[in-house]
Structure formats: structure tokens, C-alpha cells
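Please load the model in your viewer and keep the sequence panel open beside it.

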Amino acid sequence: MSTIESVRGDITTQTTDAIVNAANSGLLGGGGVDGAIHAAAGPRLLEACRVVRRTTWPDGLPVGEAVATEAFGLPCRWVIHTVGPNRHRGQTDPALLASCFTRSLDVAVELGARSIAFPAISAGVYGWEPVDVARIAVQAVRSHPASGIDLVRFVLFGDNLYRVFESALEG
Ligand code: AR6
């Protein structure tokens, strides 16, 4: 049974074994948490993402999928990149968002990670309501076997998001 917790903060400073990036299908960087992660990791992260595009996912990473790279300049060991559903493009199926958390945990287990930090995937540019993201995230994490993972941490930017996740965890 993993500990599941939420903290206010910046995911790029987390020392969990893995952190999750709310990326886009192209995997070549962007704004928000994706931009912060690439800036903190340095240019080798972009190069590693280009390798993923040349090999495993030539057409881009599908919504709800996850793939890992090394973390380079970041204090964690791996970055697990996932692509949340974009409400502005009509991607409103909660199963797609749940899949981001489930597949990221699958990848973390495959890597042998003991701890993982998630941002509020799709709660920014992709336009999902924080309360929906929190409910779906907590449910997906709780229902995942996550064997070997001791700690799942939600790292939230801002007080409102933090409160919303805290109440989802209390529920
Ligand atoms: N640490 C933790 N959370 C953060 C950080 C940070 N350093 N920076 C932002 N957030 P978003 P999305 C929060 O827009 O909605 C990118 O351009 C932010 O406040 O980063 O999945 C990608 O390339 C919000 O609560 O991700 C895609 O194109 C949450 O992280 C697109 O945005 C997610 O916001 C993905 O959109």
C-alpha cells in the first residue's frame, strides 16, 4: 500500500525517483509544467525525447499513454512523460485522464521506481476543472496495484489546487 499525499510546490525540485510531465503528443516541450521540466532538466531531455520520437513513438505519444526518459539536470532519476486529454479539442472522456495516471504508474513499476510525483495533468492549458482532475487522479492512483511504489505525491502549483486535492484525498 503506497502513501498518497499532496503538497504545494514545484515539481522540478522533487527528489522522488520519478516525476511525471504533463506533455503534449509531440514530446518536444511546451509551456506550463512541461516547459519548467525541460528548462530545469537541460537540453539533454529534449534530445532524449527526440530519440523516443525516432524510435518508440514516431507519430507522437497518444493521449493517455506514458513513456520514460532519464532526468538529466533534475534531482529525480526519471521523467515519465504523459499526454493529458485536451478539453479544448473535445477530449472530455475521464478514462483518458485516468489512463495518464495509470500508465505512468505502470511505467514507474517497470522502471523499479519507489516514489513518484504527479502534477495536476490537464488542469492548465488543457482546460480541465481542478476538482475533476483531483477526483480522477486520486481514484486512478488508489485503484492501481503500484507494486513496489511506496510514495505517490501530487505536487500542486497554488493554494486552490492544493485544497482541491486535499479534499479529494479525504474523500
Ligand atoms: N510544478 C508543478 N505544477 C506546475 C508547474 C510546476 N513547475 N508549472 C505548472 N504547473 P499545464 P496541461 C501546474 O498547462 O493542462 C504544455 O504546454 C499548472 O498550474 O502545464 O496538461 C504542454 O506542452 C497546472 O495546474 O499542463 C502541453 O501542450 C498543471 O501544472 C500542455 O501544456 C498542469 O498545467 C499540457 O496542458
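This is a predicted model: local features need pLDDT of at least 70, side-chain atom pairs count only at pLDDT 80 or more; totals for chains, interfaces and linings use all residues.

**Two positive phi values**

Stay with serine 122, which lies in the loop between strand 5 (115-118) and helix 4 (130-142); helices (H or I, at least four residues) and strands (E, at least two) are DSSP runs, numbered from the N terminus. Although serine 122 is not a glycine, its phi is positive, at about 70 degrees. Most residues other than glycine have a negative phi. Next select alanine 146, in the loop between helix 4 and strand 6, where phi is again positive in a residue other than glycine, near 45 degrees. Alanine 146 counts as buried, at 7% relative accessibility.

**The largest pocket**

Now select Ala22, Gly32, Val33, Asp34 and Gly124, which lie nearest the centre of the largest pocket among the 25 residues that line it. A pocket here is defined on a 1 Å grid over the protein atoms alone, as an open set of points where a 1.4 Å probe fits, with protein on both sides within 12 Å along at least five of seven lines, and lining residues have an atom within 4 Å of a point. The volume of this pocket is about 500 Å³, a volume being the space filled by probe spheres set on the points, which are joined across faces, edges and corners.

Helix 1 gives the most, with four residues. By class, the lining has 15 nonpolar, eight polar and two charged residues, where Ala, Val, Leu, Ile, Met, Phe, Trp, Tyr, Cys and Pro count as nonpolar, Asp, Glu, Lys and Arg as charged, and the others, Gly among them, as polar.

**The aromatic cluster**

Which residues are linked into a cluster by ring pairs? Show the side chains of Phe101, Phe118, Phe154 and Phe165, which are the members of that cluster. The structure holds four aromatic pairs, rings of Phe, Tyr and Trp (its six-membered ring) being paired if their centres lie within 6.5 Å, with planes under 30 degrees apart counted as stacked, over 60 as edge-to-face and the rest as tilted. The rings of phenylalanine 101 and phenylalanine 154 have centres 6.3 Å apart and planes at 70 degrees, so this pair is edge-to-face. Because phenylalanine 101 lies in helix 3 (residues 94-111) and phenylalanine 154 in strand 6, the pair ties together parts that are 53 residues apart in sequence. Phenylalanine 101 is buried, with a relative accessible area of 0%, and the value for phenylalanine 154, also buried, is 0%.

Turn next to phenylalanine 154 and phenylalanine 165, whose ring centres are 5.0 Å apart and whose planes stand at 50 degrees, so the pair is tilted. This pair links strand 6, which holds phenylalanine 154, to helix 5 (residues 159-170), which holds phenylalanine 165, eleven residues away.

In helix 3, select serine 104, a buried residue with a relative accessible area of 0%. A polar atom of its side chain lies 2.6 Å from the backbone oxygen of cysteine 100. Then move to tryptophan 128, where the charged end of arginine 87 sits over the ring, 4.7 Å from its centre; a charge sits over a ring if NZ of Lys or CZ of Arg is within 6 Å of the ring centre and within 35 degrees of the ring normal.

**Last stops**

Select arginine 114, in the loop between helix 3 and strand 5, which is partly exposed at a relative accessible area of 47%. Its C-alpha atom is separated by 6.4 Å from that of aspartate 17, 97 residues apart along the chain. Finish at phenylalanine 72, in the loop between strand 3 (66-70) and strand 4 (78-83), where the C-alpha distance to alanine 41, 31 residues apart along the chain, is 5.4 Å.

Conventions: Residues are numbered from 1 along each chain as its sequence is written. Side-chain values use heavy atoms; hydrogens and water are left out. Buried means under 20% relative accessible area, exposed over 50%, partly exposed in between (1.4 Å probe, protein chains only). A polar contact is a pair of N or O atoms within 3.5 Å; within protein, one must be able to donate a hydrogen and the other to accept it, and residues adjacent in sequence count only if both atoms are side-chain atoms.
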